[in-house]
Amino acid sequence: MVSAPTGPGHGTTTSLTARHAVVVAIGSSALLPDVTGLREAAPWTSREAAAASEVPGRLAVIGGGVVASEMATAFANLGSVVTVLARDGVLPLAEPFVGERVTKSLLEFGVAVRDGAEAATVNRNGDGTVHITLTDGEQVEADELLVTIGRTPNTQDIGLDRIGLKPGAWLAVDDTLRVVGEDGALLGDGWLYAAGDVNRRVLLTHQGKYQARAVGDVIVARAKGEAIDDGRWGRHVATADEHAGPQVIFTDPEVASVGQTAAAAEAAGLRIRVVDHDLAAVARSALHAKGYQGHARMVVDEDRQVIVGFTLVGPDVAELLHAATIAVVGEIPTTARCRCPTWAVPETGSAITSSPTWRFTDTSSANADLCRTCSCSTIRPKPFPVRSRHPRSGHIQRRPRRTPAVRTHARRRRRTYPSIADHRLRPRQSVGVMVPKRRTPQLAKRGSDPCRVDRRAEPSTVIPARPP
Ligand SMILES: Cc1cc2nc3c(=O)[nH]c(=O)nc-3n(C[C@H](O)[C@H](O)[C@H](O)COP(=O)(O)OP(=O)(O)OC[C@H]3O[C@@H](n4cnc5c(N)ncnc54)[C@H](O)[C@@H]3O)c2cc1C
């Protein structure tokens with residue numbers, strides 16, 4: 001039974017009786033720490049920072065997580081003098097190189113990053129200036145204070161005490177999102193569910209929506225007495241929360257990650273291999289931006305030979321996250337045969353995207369050896385099988401001849417996306433070094449393409465368009 005709120009605008013109490021289940025999806029709010037004078041100083045939370053109509057001259061930020069890093073980047077770009085008080089460092093839950101790169105860029109933007117700094121007292125003067133005293137006695141002065149130390153569930157006044165739970169507590173759930181008590185046992189016969197931030201699994205919009213879909217399906221299935229698909233990745237569980245929640249942090253440079261970090265995977269008892277890659281060594285990063293800097297890390301579960309985590313940092317790396325998420329969610333075996341040019345050469349850590357603007361090429365001998373094991377010998381694309389079986393009759397059939405229309409289409413495609421012209425390239429010696437097969441009239445014509453890459457000379461050399 002649920003009582004609707006009374007008070008201004010309501011006036012009545014309505015009782016509803018749920019026949020199958022109740023889902024709590026009331027989200028979370030900004031958490032304010034117990035720091036003397038903090039509440040009286042009326043600090044900003046993420047809500048006020050996002051809705052600000054004026055840029056404070058000096059902004060102090062308590063916290064070093066996602067919101068702190070994003071807001072420090074934003075307000076520094078808007079002209080504030082920003083001080084970040086990061087007790088546990090910047091982005092401490094991400095791979096260590098992420099925090100290092102984001103801290104470096106914040107410092108370059110003029111942000112003062114105080115690692116290990118913890119606020120002891122806060123005081124706002126009559127003129128509006130905020131004074132923060134740190135635990136080491138140092139003082140920080142600012143015109144506005146933003147507090148971003150985490151979230152707290154909105155469960156304070158929904159009557160949790162009436163069902164044996166603690167008001168204001170996160171609602172712990174099992175994988176089918178049924179609320180469990182402190183002892184891990186189901187509440188009653190499992191009628192109470194929790195989805196979204198309030199269960200603290202992953203505090204992200206898309207994961208909340210994923211849980212909402214799962215919780216709807218499982219409630220219907222249970223109500224109908226149907227079998228519950230509660231295996232890993234099953235329809236009625238939200239296991240992707242633990243294994244494959246993708247996330248982008250909109251700092252400069254951007255951070256994109258999916259799955260587990262190396263530390264988290266090790267803590268979970270996995271035997272892992274870490275593959276690091278300098279994104280500046282990717283030929284197409286030079287086309288993306290001059291002096292591009294970035295880094296990628298892939299975490300491989302050695303026992304199952306699947307990718308369990310991927311983290312990227314660099315300008316516009318969010319573009320690569322989808323491909324990495326497919327690799328993690330699809331549990332692409334790193335021993336799989338390379339299916340060039342469909343994109344996956346996970347065992348090399350080299351090609352993880354089909355994007356025409358990006359291609360990871362790794363020329364290290366170790367990876368070249370690994371790539372040879374996949375029997376395509378290099379990352380040379382093999383666009384179509386020459387022979388295949390007819391889907392119905394099962395007869396072996398040869399690849400159909402290309403019609404003039406198909407040839408024209410392919411020609412146009414090559415002009416639009418130079419990387420697709422890799423189909424025409426063959427390997428010279430090892431992975432990553434490609435030379436044209438022969439200089440065909442079509443290739444000669446591509447002199448008018450402003451993005452033409454001369455791979456014979458240097459993979460990342462851009463040849464400017466010739467005047468017509
Ligand atoms: C600054 C910031 C930036 C973020 N950026 C991103 C991002 O880039 N990408 C991303 O994926 N996620 C982001 N998130 C996280 C994302 O906003 C949350 O994960 C998401 O909103 C959670 O959805 P939810 O439905 O669980 O809760 P909410 O969206 O908070 O919805 C809860 C709803 O319940 C209502 N409610 C509360 N109490 C009661 C009650 N007692 N009775 C009835 N109704 C009640 C609330 O009014 C609200 O409408 C960000 C969060 C913050 C704070």
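Tutor: Happy to. In α2, the buried residues are Val66, Val67, Ala68, Ser69, Glu70, Met71, Ala72, Thr73, Phe75 and Ala76. Keep in mind that this is a predicted model.

Student: Is α2 mostly covered or mostly uncovered, then?

Tutor: Mostly covered: 10 of its 13 residues are buried.

Student: What do those buried residues of α2 pack against?

Tutor: Quite a list. Their partners are the helices α1 (46–51) and α3 (96–108), together with the strands β5 (58–62), β6 (81–86), β11 (144–147) and β14 (247–249). Helix α2 lies across β5, β6 and β11, and runs at about 165 degrees to β6.

Student: And how far does α2 reach from its first C-alpha to its last?

Tutor: Helix α2 covers residues 66–78 and reaches 18 Å, close to the 18 Å expected at 1.5 Å a residue. Just after α2, glycine 79 takes a positive phi of about 115 degrees.

Student: Okay, on to the sheet under discussion. What order do the strands come in, with β6 and β5 among them?

Tutor: The order is β7-β6-β5-β11, an open sheet of four strands with parallel pairing. Because β7 (112–115) and β11 each have a single partner strand, they stand at the edges, and one side of each is left without a neighbour in the sheet. On average, neighbouring strands here are turned by 15 degrees against each other, direction ignored.

Student: How many bridges join β6 to β7?

Tutor: Four, and the two strands run parallel. If you want a pair to click on, alanine 86 has aspartate 115 in β7 as its bridge partner.

Student: Which strands make up the open sheet of three?

Tutor: That one has the order β8-β9-β10, and its pairing is antiparallel. Its edge strands are β8 (119–124) and β10 (139–142), each pairing on one side only. The twist averages 20 degrees from one strand to the next.

Student: Let's zoom in on β9 and β10. How many bridges do they pair over?

Tutor: Four bridges, in the antiparallel sense, with β9 spanning residues 130–134. Valine 130 has alanine 142 in β10 as its bridge partner, and histidine 131 stands opposite glutamate 141. The hairpin of β9 and β10 has four residues between the strands, and glycine 137 there takes a positive phi near 95 degrees.

Student: Which residues of β10 are on the covered face, and which on the uncovered one?

Tutor: Val140 and Ala142 make up the covered face, while Gln139 and Glu141 make up the uncovered one. As background, side chains in a regular strand alternate between the two faces of the sheet.

Student: Switching topic: which residues come nearest to the ligand?

Tutor: Gly27, Ser46, Gly196, Leu204 and Thr205 come nearest, out of 16 residues around the ligand. The elements giving two or more residues to that shell are α1 and α4 (205–224). Helix α4 gives the most, with three residues.

Student: How does the shell split by class?

Tutor: There are eight nonpolar, seven polar and one charged residues around the ligand.

Student: Last one, zooming out. How many helices and strands are in the protein chain?

Tutor: The protein chain has 11 helices and 22 strands. Of its 468 residues, 36% count as buried. Among contacts with a separation of 6 or more, 55% come from residues 24 or more positions apart.

Note on methods
Residues are numbered from 1 along each chain as its sequence is written. This is a predicted model: local features need pLDDT of at least 70, side-chain atom pairs count only at pLDDT 80 or more; totals for chains, interfaces and linings use all residues. Two strands pair if DSSP finds at least two bridges between them. Axes are lines fitted to C-alpha atoms, for helices over the stretch in contact, and angles run from 0 to 180 degrees between N-to-C directions. The expected span of a helix is 1.5 Å times one less than its number of residues. A residue is buried if 20 or more other C-beta atoms lie within 10 Å of its own, exposed if 12 or fewer, and partly exposed in between; C-beta atoms are placed from the backbone. Two residues are in contact if their C-beta atoms, placed from the backbone, lie within 7 Å. A residue is near a molecule or strand if its C-beta atom, placed from the backbone, lies within 6 Å of it. Ala, Val, Leu, Ile, Met, Phe, Trp, Tyr, Cys and Pro count as nonpolar, Asp, Glu, Lys and Arg as charged, and the others, Gly among them, as polar.
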